[in-house]
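The sequence and structure come first.

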Amino acid sequence: MTTLLEVRHATTGYGTIQVLWDVNVTIPEGVTVGLLGANGSGKSTLLRAVMGLLPLWSGEVLFDGETINHWDPSRRVRSSIAYMSEKGVIAALSVEDNLRVGGTGLAAREVKAAIARTWDDFPILRERRRSPAGSLSGGQRKTLALAKALIRQPRLLVMDEPSAGLSPILVHEMVETLRRVRDQYFVTLLLAEQNSTVLDVAQQIVVLAGGRKGFDGPLDEFRSRTDVAAQFFGLSAPPDVPSNERPAND
Amino acid sequence: MSPPPDVGAERLLEVRDVTRVFASLIAVANVSLDVVAGSATGLVGPNGSGKTTLINVISGVYRPSGGTVRLRGRDVTGTASHRLCRLGLNRTFQIPHPLGDLTVADNIAVVRPRRGATPRFDADPLEFVGLAAAAPVLASRLTSGEQKLLDLARALASGPDVLLVDELGAGLSARELEHVASLLVRLKDAGLGLLVVEHLMDFLEQIVDDVLVMDAGAEIFRGTLRGAVSDPRVIDVYLGGAP
Amino acid sequence: MQLFEYAIVNGVLFGLFYGFIGIGLNLLFGVMRLVNLAHGDLVVFGGYLGYSLAVDAHINSLWAIPLSIPAALVFGFLVYHATVPRLRRAVDTETASLIVFFGISQVLEALMTMIYGANQVTLPSPGGPVSLFGQDYPASVVISAALSVPALALLYLYLYRTRIGLATRAVMADEDEAVASGVRVRRVAVWAFMIGVAFATTAGTLTAFMLGGINPTTGSGLTITAFTVIIIGSLGNPLGTVVGGLLVGLASSLSLTQAYATEWTAVVPYVLLLVVVLVRPSGLFGATVRRA
Amino acid sequence: MAHRPYRITTGLAALVLALGGLATLSAGSADAASAHAKAGTITVGTLYASTGAYATSSMPEYAGLQFWAKQVDSHGGMYVAPLRRKEKVKIVAYNDQSDPATATSLYDQLISQNHVNVLVADFGSVLTAPAITIAKDQKQLLFDVTGSGTSFFTSGSNPYVVLTSLPVSAVWPKPVAKLLIQLKTKRVAILYCQNDFDQAQATAIQGFLKAAGITPVYFQGVPTTQSDYSTLVQSIKATNPDAVLELGYPNNDIAFLNELKATGTHFKFVLTPFLGQLPSLFTQDVGAPAVNYTYTYAVPPTLVINHVNIGLGLTAFVRQFAPGKPSTVNFLDVAGYNAGLAVQAAFAHATSMSQLGIRAGITAVNGKLQTLEGTFKVDNTGEQLGELLPVAQAVPHGKGFALKIVYPATPAQVKMVNAKAKYPAPTK
Amino acid sequence: MPEDDATPADAPPPPTPHDAAGADRTGRAAPSGRIWGLRAREGRWVRRVVPVVATPVLLFFAPHVYNNLAFLTTMVVYVVLAEGVNLLYGFTGYLPFGYVGFFGAGAYGASLAVVDWHVTGLVALVIGGLTAAIIGLVVSPLLRLSGAYFALATLAASQVLYYVVANEPWTYGESGMSLPEVFGATETYVIALVIMALALAVTVAVRDSRFGLSLRAIRSDPVSAAMAGIDVVRARTAAWFISAALAGLAGAIWAIMTAAFYAENPFDLTISVYAIVFALFGGVRTVLGPVIGTVVLYSLYQYIGISNPQYFELVYGLLIVGLALFLPGGLGSLVTGSAARWRRRRTRPVTGALDGAAPGGGTP
């Protein structure tokens with residue numbers, strides 16, 4: 001299995017506030033990785049760093065073995081790393097325009113084909129193609145966000161809380177959709193979640209707590225170790241590290 | 001809400017049938033609860049279940065679309081935040097809201113203390129939370145954990161009876177959580193009434209007497225925390241089926 | 001009744017022109033939150049270009065419209081790179097841009113005075129009166145309004161029928177999400193800036209017609225008119241600008257027909273602006289309410 | 001609370017530095033002043049506007065004044081009575097860029113730093129207003145060229161201001177009213193701009209007409225910044241007037257005439273004030289055919305006055321001021337020159353070199369001075385009463401137009417073609 | 001969606017760690033103990049009194065250096081305006097483009113009091129200040145707006161006021177205002193200096209008072225400020241009134257100095273723009289920043305205006321562009337910025353609060 005994405009010693013934060021402390025994550029091609037952690041554990045921050053939306057204070061992001069630290073977000077997106085943010089859609093634009101924004105930089109013909117494919121894969125979107133994305137229901141928005149991220153058939157799809165705000169039934173549907181998408185689009189998924197249901201889709205689990213990496217291993221092992229599960233639910237402490245150190249380069 | 005821990009304990013906050021609607025979304029639907037002096041109530045629920053909205057309505061950030069809020073028997077529905085603060089209700093924020101351009105000391109100094117009533121808790125707030133050494137530092141230079149403590153200290157500086165604690169624990173390490181939990185317990189012991197929004201169950205367990213579980217804006221359970229984690233409905237919506 | 005009809009048609013003609021003046025400004029604000037106080041001066045610069053063509057080169061001043069576009073694009077490109085990246089990094093982009101563009105407006109006024117002198121200049125009328133609905137209107141006004149329509153249509157086509165236009169709308173609606181979708185914001189911004197400047201200069205020749213003439217200080221008044229129009233129609237909403245322009249044009253024109261109101265004509269746009277921002281702070285077509 | 005005393009210290013240091021800068025600045029201007037105020041010269045301080053709203057009018061006035069100084073110096077200077085000898089004239093001038101606040105400071109600069117002998121104001125009421133105050137405050141004689149604001153001359157006797165050109169706007173339009181009465185017009189429409197100059201004229205004409213039993217059918221003010229006259233013209237047309245008076249600044253007059261031209265609107269009688277002052281600007285911006293039959297005030301150089309007892313007659317002035325290009329000379333050039341003549345007369349009859357002594361020179365020649373603008377006569381507030389302002393009409397002349405005096409009949413000393421008013425105006 | 005469970009990623013984007021523009025916003029630790037031979041208590045006294053007294057005194061002697069009182073008085077008037085902008089923009093974050101409206105209101109209030117009611121000069125000044133404050137009350141609903149909307153709405157309001165004054169006969173709108181001599185030129189200058197001292201004192205008071213602290217809290221985070229018991233609307237409105245009254249006083253003394261003017265003069269929009277540029281150039285949220293900004297730029301304005309009028313606007317425009325781009329914090333940031341950098345190297349606040357080792361005192 002080749003390594004698709006590798007995060008080495010990622011350290012970053014906002015302003016003077018450090019959020020991530022030396023996080024290492026390796027994602028092999030074809031393996032769905034679930035990034036779990038409570039609110040504020042640094043999941044979104046790690047994903048933003050992977051996408052180049054937040055510069056690293058130190059550390060490295062490698063894609064296909066090549067460092068991409070100096071790539072801006074659009075270059076990363078165009079180089080097969082798609083991103084589905086928690087918001088995921090541009091509310092003021094129509095469904096179809098959202099998909100076309102997702103296809104920015106592709107040839108017009110490819111976008112057309114990709115949108116046609118989307119209508120087949122997600123018929124609900126076709127029905128609402130002219131509606132502004134802001135008028136969609138929560139589940140439809142997530143579907144649109146996913147479809148938008150898939151437009152350019154990425155190799156890696158980075159997802160921030162695909163289940164956030166969805167009711168339990170819709171969460172199950174989302175899990176099914178993710179499974180389908182993974183197989184149909186041959187895409188590697190990296191998803192950040194705090195809803196354990198979504199774990200079902202993952203093969204490897206990485207737990208973040210307090211901006212540091214905790215557990216990192218196969219799903220089965222995660223399931224079998226109650227302490228790890230507890231770590232995620234915050235029912236007991238994650239392995240502790242002093243948290244009052246300042247950013248090294250401040 | 002649920003029976004108060006001591007018969008005759010002072011009812012500080014009474015929330016009745018509060019509803020808040022955003023455009024077409026019902027964020028909070030007919031929620032009622034009481035906060036009693038010297039007790040802590042936990043408010044739990046999955047993301048987007050309306051916990052923070054409820055806190056925002058109670059603390060005067062939003063006006064409720066329906067229902068009433070009473071503070072020590074006085075109707076304070078829709079009262080502006082700064083008045084509630086002076087009447088003895090304060091809060092912390094899920095994302096800390098430090099006054100970043102001000103020093104830590106000024107963050108406390110800016111608070112208008114309550115007039116009249118004797119505060120239930122009158123220790124130096126910075127010393128209480130352990131930020132005394134940081135007094136001359138700009139608040140924006142604090143770590144996010146420290147900023148959360150500063151939020152707490154600033155809320156305490158107004159001498160509240162009722163303290164709304166919005167996810168103070170999120171993002172803290174175990175040791176930090178322990179420290180924060182002990183602070184909240186001490187506040188409760190001092191006679192404050194706490195309403196604590198939190199995801200972290202064992203953190204809550206150290207503090208609260210009972211919990212109210214919300215989903216999609218509505219109450220789905222009330223009772224003890226142990227009762228909540230074994231309630232099938234709660235497990236279903238909150239943990240989504242559990243691992 | 002005849003007078004009323006005249007005022008309505010006249011108001012629409014002027015309204016279209018106001019929309020044209022405002023729209024470039026709104027594009028800049030919508031995409032980058034830049035408050036371009038030099039907009040009116042760019043308009044006047046375009047007007048002087050038309051004047052040069054008419055007086056020095058003896059060709060129709062309307063040629064200034066196509067001829068100024070490449071110059072405006074180059075100018076926009078240069079000014080963008082000199083200022084915008086720094087402005088975007090500022091703590092408060094709106095305020096910082098306001099000051100920088102005030103400085104640029106001073107520079108432009110100085111250059112125009114040096115090149116063209118301080119006197120008012122007028123352009124030769126493009127022809128005799130034009131009859132519309134049975135009444136005669138000055139050809140310069142009718143032609144200016146008529147040229148505003150395709151210009152506005154072109155911007156509409158840019159925004160709604162091109163790929164970069166889609167990206168521009170995405171950035172205007174939600175910059176973060178646009179970035180996350182792979183939109184190159186810088187490229188979008190450069191083009192928006194250059195097109196905004198080009199819209200200003202192309203409106204210039206028409207301004208000399210509409211206002212009877214231009215001088216180097218005409219620009220600051222135009223900037224204020226343009227801001228009034230775009231705030232009424234909502235900042236960041238190009239189509240709202242057209243409606244804002246029509247409203248201002250109609251209200252001003254109608255107030256001139258009322259005996260007691262003629263001396264208050266100049267106040268009409270400002271009153272309109274105040275009413276709109278106080279009653280509906282986001283403007284008539286704004287999605288997000290901006291309150292303190 | 002944090003303590004940052006170092007800020008004050010550095011702040012004060014910067015303030016001291018800035019004051020030091022001021023000192024350097026003043027040293028620089030002191031140099032300039034001493035360069036100008038050499039012994040054996042009379043210094044005349046003035047302002048001009050090379051940019052901004054008043055540049056069009058200010059620059060020709062300044063050119064006229066400079067021409068006067070050159071003329072005087074080419075004759076070995078002007079006679080200064082108290083010194084009993086001729087002195088060279090030096091003009092010290094600053095650019096106020098049409099900004100009254102800057103003008104205030106610069107007038108002060110002329111007095112306090114350059115110690116000029118007399119002040120000559122910049123063009124128009126707005127830029128003259130600050131000079132009036134300073135002249136009163138600092139008891140400095142001010143020669144006001146064209147600033148005829150109603151408030152300048154009403155506050156009792158003020159010996160420090162002398163208006164050298166044009167009567168104040170409240171008496172100026174009397175001939176217009178008389179002509180309208182003579183032509184038996186009944187329905188008069190008056191559209192004026194809301195500024196001191198135009199408002200005063202409009203009110204004066206309205207008063208004269210009402211006294212003759214004529215109530216204007218249209219009497220409206222518009223902002224001076226008005227540029228869209230289309231709806232206004234339609235409104236006026238709706239009143240079916242016999243005569244239309246548009247009282248504005250040059251830009252307003254031009255915009256109004258252009259609107260008539262563009263819509264092919266024809267009125268029997270149209271008057272605009274600035275056509276007479278700036279005929280070449282109107283030729284350029286409106287075009288001769290559209291200007292034809294428009295009425296205006298006749299001023300030099302249209303009004304040719306050669307019977308003078310100081311300086312050049314009009315014909316000679318035009319020839320020498322712009323050799324070979326007489327058509328470029330306008331009224332404001334004449335007015336600037338005329339201000340110089342007033343200065344010259346004042347010094348020639350001054351009783352002492354004090355400001356009041358110089359003012360006494362004006363009193364000595366008051367009513368006796370014949371210049372290329374006519375009889376120079378001021379009252380004790382400094383208001384100009386003497387100069388003529390007949391009404392003229394533009395009539396076709398070759399490719400262009402000529403201005404012919406239509407009312408009142410020209411006085412003897414004026415060499416000017418009289419004509420009968422063409423009323424109603426023929427359609428063009 | 002209401003702000004449930006947002007991750008830090010959704011927080012307003014703070015400046016990146018190495019953002020130069022944000023440098024002066026961080027790291028303001030208080031040096032303690034003796035500084036430059038002054039103990040903290042003395043230092044505080046010096047900080048409060050010296051700017052208020054020393055600045056007018058220094059300027060009082062300026063006529064001995066450069067005896068152009070009209071220039072100096074106008075400059076002092078601009079200092080007052082720049083301090084007023086400082087109060088509004090620096091302390092509350094509102095950029096008042098139409099600030100000139102208050103200036104004009106003060107000018108006309110004072111002038112009409114002199115002309116129609118024949119009051120004495122000092123009473124006229126007070127009336128000027130009050131007129132502006134009343135106008136401030138009338139337009140206070142504009143405080144609901146923010147950013148560019150606020151800036152441009154105030155501009156519109158000032159224009160409406162201008163046209164009212166220019167059109168109405170009772171304001172002598174068309175004939176222009178003409179005042180008898182109220183104060184002599186030197187007297188006028190001294191009074192202007194007193195008004196400036198007042199403006200400086202107000203700024204110092206606001207900076208150091210609980211009210212000023214409240215304003216800074218509001219600017220930093222209105223929601224937190226409200227939870228600290230601050231009446232956000234009232235505090236903002238109070239700052240607005242104070243600022244309006246200062247501009248009114250400035251307008252009044254300007255009117256008395258100018259004596260003859262038209263409505264377009266005191267309502268000239270460039271007055272607002274210059275006051276804002278001067279304040280920002282010197283640095284807002286300091287006391288002396290606006291003073292230095294005004295003295296330097298207005299002197300330069302006069303100097304270039306006299307020596308190189310043809311290049312004046314060009315040079316001035318380029319200067320403003322350069323400053324706004326390369327020195328966004330104003331001249332003051334040269335001083336405070338370097339101090340902040342210096343302090344940041346030295347201070348590393350480690351509170352230990354979260355180590356759980358020493359949970360501080362304070363028994364409930």
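## Confidence

In this predicted model, pLDDT (the predictor's confidence in each residue, from 0 to 100) stays under 50 over residues 26–38 of chain D. For that stretch the model has 16 contacts beyond four places in sequence, a contact being heavy atoms within 4.5 Å. Where pLDDT is low, the predicted coordinates should not be read in detail.

Chain D has a mean pLDDT of 82, with 86% of its residues at 70 or more. Residues 1–8 of chain D are below 50, and this stretch has 25 contacts in the model beyond near neighbours in sequence. For the complex, the predictor gives an ipTM of 0.80 and a pTM of 0.82.

## Basis of the values

Residues are numbered from 1 along each chain as its sequence is written, and chains are lettered from A and ligands numbered from 1 in the order in which they are written. Local features need pLDDT of at least 70, side-chain atom pairs count only at pLDDT 80 or more, and totals for chains, interfaces and linings use all residues, while side-chain values use heavy atoms, with hydrogens and water left out.

## Chain A and chain C

Chain A brings 25 residues to the contact and chain C brings 14 residues. Together they bury about 1600 Å², 55% of it on carbon and sulfur atoms; buried area is the accessible area (1.4 Å probe) that two parts lose on being put together, summed over both.

Three salt bridges are found across this interface of chain A and chain C (a side-chain nitrogen of Lys or Arg within 4 Å of a carboxyl oxygen of Asp or Glu). K148(A) forms a salt bridge with E177(C), with 2.8 Å between the closest N and O atoms. On the side of chain A that touches chain C, 13 residues are nonpolar, seven polar and five charged. Here Ala, Val, Leu, Ile, Met, Phe, Trp, Tyr, Cys and Pro count as nonpolar, Asp, Glu, Lys and Arg as charged, and the others, Gly among them, as polar.

## The two domains of chain D

Chain D is divided into domain 1 (10–168 + 303–376) and domain 2 (170–301 + 389–416), with bounds from an automatic or database domain assignment. In chain D, 20 residues of domain 1 are in contact with 20 residues of domain 2.

About 2000 Å² is buried between domain 1 and domain 2 of chain D, and carbon and sulfur atoms give 68% of this area. Zero salt bridges are found across this interface of domain 1 and domain 2 of chain D.
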